[in-house]
Amino acid sequence: MIKIIIADDQDLIRESLQIILNMNSDIKVIGLAENGQRVLEQMKKNLPDIILMDIRMPEMDGVLCTKIVKERYPDVKIIILTTFDDDEYVFYALKYGASGYLLKGCSVQELTASIHTVMNGGSILNASVITKVVKLFNQLAQANIAMGIEGRSVEELNKTERNIASWVGRGLSNKEIAEKLYLSEGTVRNALSSALSKLNLRDRTQLAIWAVQTGLASDFHA
């Protein structure tokens, strides 16, 4: 059973999402919170697997709450769910450890699929924001703004891993990378896992940041 806390300052959204998600046999909403502070209070009593986190909430917003949750409970997954398609919020939420970012206008099927993806260790970004996220990462890298990712040498990766990291940094999915490099998706997944291990990175989102920060995302190795 996937345990969920829904954090949103609008009663209607919290309650609607609770009804929708509880219709799934393997999902249970264990808490509703109107702000980040309430999330932290609830987590002391009942730890969720995933938090659906709104960005703009009173008292404590979703970005700060994401940072605190990931520091205290690193295994808890966070999906940012918001109506605000805001580059800066996207960046900081991902930097602090959110596993993905969805707009509230997404379909029920997309939301539930994203929950299962994140629960299985994946990361998700809504198609409407991924291009902007990668663009923002590039802008920050060019401005030499530290992105909180421990520096590791590109030389630690083999050629296949470098190529895959390069494409991840440009926002491509495993399927798209497999097509670009004429590899199976299984090979891409294995190489991606190996690259994350060598670089001591948490997930493909951090790998994308690293690829941009090192300039690898700007190099066409494939």
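Colleague: How many helices and strands are in the protein chain?
Modeller: Ten helices and six strands, taken as DSSP runs (H or I, at least four residues, for helices; E, at least two, for strands) numbered from the N terminus. This is a predicted model, where local features need pLDDT of at least 70, side-chain atom pairs count only at pLDDT 80 or more, and totals for chains, interfaces and linings use all residues. Residues are numbered from 1 along each chain as its sequence is written, and side-chain values use heavy atoms, with hydrogens and water left out.
Colleague: Which residues of helix 5 are buried?
Modeller: Leu-111, Thr-112, Ser-114, Ile-115 and Val-118; buried means under 20% relative accessible area (1.4 Å probe, protein chains only). They lie on the same side of helix 5 because they cover an arc of only 155° around the axis, judged by the directions from the helix axis to the C-beta atoms.
Colleague: And what comes just after helix 5?
Modeller: Gly-121, with a positive phi of about 95°.
Colleague: Switching to packing, at what angle do helix 1 and helix 5 pack?
Modeller: About 75°, with the axes 11 Å apart. Axes are lines fitted to C-alpha atoms, for helices over the stretch in contact, and angles run from 0 to 180 degrees between N-to-C directions. Helix 1 is therefore roughly perpendicular to helix 5 (65 to 115 degrees).
Colleague: Which residues make the contact?
Modeller: Leu-17, Ile-20 and Leu-21 of helix 1 meet Val-108, Leu-111, Thr-112 and Ile-115 of helix 5, contact being heavy atoms within 4.5 Å.

Methods:
Buried means under 20% relative accessible area, exposed over 50%, partly exposed in between (1.4 Å probe, protein chains only). Angles under 35 degrees count as roughly parallel, over 145 as roughly antiparallel, 65 to 115 as roughly perpendicular and the rest as oblique.
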